[in-house]
Structures are given as structure tokens and as C-alpha cells.
Amino acid sequence: MSSQPDNGIIQFRSAFDVTTTIDKIRQALESHGITVFAHIDFSGDAARAGLTMQGEQMLIFGNPKAGTPLMQQVPLAGLDLPLKVLVWSDGQGATCVACNAPEYIIARHGLPEAMTANLAGPLPLLKQAVAG
């Protein structure tokens, strides 16, 4: 599990469980001035509905100074912004992390390649937070 398959999704593993991974990612983002807009606990919501599933949570995050220029150029970029990171248990003891590749978002909306830098900053933070 790694890198960017053709579908524009970057995947990697975390050294921690789902809840700890989400907490570490949130701390890393917020300590770098990145706003966490929402935290969705899919598995918690499933449990409240009487359903069961492996642990799965998402953070929705961003920085208006980075994302706004993309949406000013192509309003439809707002479909992919703010950014998201998904964390889930694979049911075999591993915790997986996934996000959209910045290059994918840029290409999807026909934005200039130079704008990739607006989206690339959080990726190293995500990987570092889950490295253990």
C-alpha cells in the first residue's frame, strides 16, 4: 500500500489504531495552522444506527489561503476542497490512511500544475504523523 495508483488516491499504513491515527493527524494539521473543519466517525455512526463495521473515520481540513485560489480559478474545484483524509481498519490488524493526490485534483479540474503546491503541504504531515 503506497503511492498514487491511477485513481489519484494515495494510500499508506499507520503504526497506530484508527482513533490514535486520527488524533495524531489532527494534532499535526492544527499545529501547522491547518483548520480541521469536520471529523466524521463512520463506524461510530454505524454503531448508533445498529450496524457494525470496522473502524473508519475521516477528517476534512484545509487552509483558505491555499484552497481559495484554486476555487477562484475553477469553482468546481470546490467539489474536492477542503481536503480529506480517510483512516480505516482493514480488519486484519492494519490501519490504512488515504487521501486524494494533489496532482489528481489539479488535473481533474484543469488547473495549472504550479497550483499543486497549494495542496501538497499537508501530505508530508499526514505521513509523518502516522509513522510511529
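**Note on the sheet, its helices and the cysteines**

1. In this predicted model, strand E3, covering residues 56-62, and strand E4, covering residues 83-89, run antiparallel and are joined by six bridges. Within this pairing, Phe61 stands opposite Leu83, the latter belonging to E4.

2. The two strands belong to an open sheet of five strands, whose order is E1-E5-E4-E3-E2 and whose pairing is antiparallel. Strand E1 (9-14) and strand E2 (35-41) form the edges, each of them pairing on one side only. On average, and with direction ignored, neighbouring strands of this sheet are turned by 20° against each other.

3. Helix H1, made up of residues 18-31, packs on the sheet and touches E1, E2, E3, E4 and strand E5 (95-100), while its direction makes about 5° with that of E3. Helix H6, residues 122-129, lies across E1, E3, E4 and E5, and runs at about 25° to E1.

4. As for the cysteines, a search of the whole structure finds zero disulfides. Cys96 is in no disulfide, and the nearest cysteine sulfur to its own, that of Cys99, is 13 Å away.

Note on methods:
Residues numbered from 1 in each chain as written. Predicted model: local features only at pLDDT ≥ 70, side-chain atom pairs only at ≥ 80, totals over all residues. Heavy atoms only, no water. Pairing = 2+ DSSP bridges. Helix = DSSP H or I, 4+ residues; strand = E, 2+ residues; numbered from the N terminus. Axes fitted to C-alpha atoms, helices over the stretch in contact; angles between N-to-C directions. Contact = heavy atoms within 4.5 Å. Disulfide = S-S within 2.5 Å.
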